[in-house]
Amino acid sequence: MMLEIAGTGRTWLLSGPTSSYAVHLTEDDELLHLHWGPRIALADAESLAVRPLPGYWPFEAPLDGREEYPVEGGPRFVRPALSVRTDERRGTEWRFEAYETEDGGEGGEGDELRLRFRDSELVITLHYRMRHDVVERWVTLTHDGGEGTGPLELLRADSATWTLPERDDWRLSQLHGRWAAESRLVRTDLTYGEKVIGSRRGHTGHQHLPWVALDTDATEERGEVYACALGWSGSWRIAVAQLPDARVQITGGAGYDDSGLLRLAAGESFTTPVFAGLWTDSGHGGASRAWHAYQRAFVVPDADRDRPVLYNSWEATEFDISEEQQGTLARRAAAIGVELFVVDDGWFGARTSDRAGLGDWTPNPDRFPAGLKPLAEYVHALGMQFGIWVEPEMVNPDSDLYRAHPDWVQFQPGRRRTELRNQLVLNLAREDVREYLWEQLDGLLSSTPVDYVKWDFNRCFTDAGWPGEDYPQRLWVDHVHGLYDLLDRLRAAHPGVAFESCSGGGGRIDLGVLARTDQVWTSDNTDPLDRLAIQEGFSQIHPARVMAAWVTDSPNTQLNGRVSSLRFRFVSSMAGVLGVGGDLTKWTEEELAEAGEWVALYKEIRPVVQRGDLYRLRRPAGGLSAVQYVLGDETVVLAWLQAQHYGEPVPALRLRGLDPSATYECPETGEIYRGAVLLHRGLRTGLKGDLDAAVFRLRRVR
Ligand code: GLA
């Protein structure tokens, strides 16, 4: 990336490979947005900066729709990104202090621009960093008053406000859902006023991924798209406002309400999560590929290492597990080529159902008399890695932990403690709770050869109280920081262990958790057809490299009883990090042999799926849908036919991302294709009937 600064020291231009972002500080220290779009030069940015502000009428504010970080107070009527209260007053009136740049040491990619402002004892620093074409923005708020200065209450402290240019007919894309139906894409016209999405549940939530995209007439592969995503795993809010002059502003950050986020005493500071944004002219597909490349390069740990094929028996056995039964499943899993065997819920404490045991992270003595080590060693001897499930932030009232520390949970004094799935939320804002969890988990990972941890979170906050604490409200933010600290500490102490973020499926998927987990559990819905739409939405922002997908039993046991072939189930799950979650003791010899072939095929295409560029060729909309991945000379196409109607031929798939003049060969059949023909006429899939699917591989002939 490139960071250019005007001679006046009041205009800054950040540029990535294809896009630029510019801001300007007026003589009155108003920080205005200048440009976000194709690459421009510093002189272009400066020419935009001299444009005078429109006149001021008593009913309009000239700053509205132009400011980088609108604060509360003064002549502003847009949603404030910052709202601060002291004992005496409310609102912010800042003066510019200085700008700083920092060399991030990543070949320019990590370079950071910091703009520092002050309002009395409050120091406000706006951070900008461009990585590839993704602009990362966040804010630091510091109370640097001397002793005896009163506290500052941050009622609201958003990470950024993004300003989009004047355009006709903006459209908004979002990813909405619920449990077992996450991340489904909807695209609608934006009208005047505000559209607000978020979570007031304490976790990211199944209801919305913290992402929006705005376009006017983009298609999958062409046209202008703006997209923003928040890196925060607690409650959050993103407000998309269509202003009267057809500009759009997107303001987002931690916390759902404006009623109080944190209180800063003298010497304390708060850093907001990162709100990342990108502009592209390559359509929604181009935006997704830019997000994927950014996350693989800068967010997800060890993203250049491919994730293994896992087995998990949760759907097959639920809580009814034993060492012997897990051993039997492990043998079968190893035989079909599984590389990571995971013991899900039910291995610890008195956890034989969801009524007891959460909080007691020691192996259940009836089920694992010698602990987990013998099973872990057995799994290792079978040539697989060993993984476990945990849900550290929770406790069942029926547990030794709760009996010993009933005050360690979130609760309001004198009120009922709401149980959801028979569990309460531990107050991770408390140091003693975090220390207990650290000891339990560090002890577990030190005493058992564990390679992978599935970290679950199975209920929302309901009684977010903290009796005895001055400012209990802070637990919403501090819980998330507590979670991040624990994950960071565990990763540092156990660098060989991979982590998966799960929250009843896809309830905690965001750029914040992905910076400290290796993959996520996409959804508890493992129906291979429903999954196509869930995966399509997921792929708008997150790469296949983190999208766990299991092949489970048919008829589908969890949701809908749908019957589907092993072929359809495998090809559906091969679009991400392949896993198997069926009851392998009930699969026939033929099914196990076929599963082995699919797993072997997946291992061959895995680098292309997990590291390649994704092209969504056709949406899952009832008929034929397909995705394509391209990595170097290799191309993989996964195609699914939901239902064929009226005997009509299934359309050919026009591929993307190929060289028209090159020749491509299918390694299995030896068939040869010309790039131009695949791009123009397309690939015939031969799919027919209902729920058919296929994998196609092509290699460029050199
Ligand atoms: C959640 C997860 C499931 C499983 C269960 C165990 O619902 O999403 O995959 O781990 O918890 O209780």
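Guide: Angles under 35 degrees count as roughly parallel, over 145 as roughly antiparallel, 65 to 115 as roughly perpendicular and the rest as oblique. Axes are lines fitted to C-alpha atoms, for helices over the stretch in contact, with angles running from 0 to 180 degrees between N-to-C directions. This is a predicted model, in which local features need pLDDT of at least 70 and side-chain atom pairs pLDDT 80 or more, while totals for chains, interfaces and linings use all residues. Residues are numbered from 1 along each chain as its sequence is written, and side-chain values use heavy atoms, without hydrogens and water.

Visitor: How are α7 and α8 oriented to each other?

Guide: The axes of α7 (residues 431–447) and α8 (residues 475–493) come within 11 Å and cross at roughly 30 degrees, and the two helices are therefore roughly parallel to each other.

Visitor: Which residues make the contact?

Guide: Contact means heavy atoms within 4.5 Å. On α7 it is made by Arg434, Glu435, Leu437, Trp438, Leu441, Asp442 and Leu445, and on α8 by Gly482, Leu486, Arg489, Leu490 and Ala493.

Visitor: How is the chain as a whole described?

Guide: Helices (H or I, at least four residues) and strands (E, at least two) are DSSP runs, numbered from the N terminus, and the chain has 13 helices and 37 strands. The C-alpha atoms fill a box of roughly 75 × 70 × 45 Å along the principal axes. Buried means under 20% relative accessible area, with a 1.4 Å probe and protein chains only, and 62% of the 702 residues count as buried. Of the contacts with a separation of 6 or more, 67% join residues 24 or more positions apart.

How values were computed:
Buried < 20%, exposed > 50% of the residue type's maximum accessible area, 1.4 Å probe, protein only.
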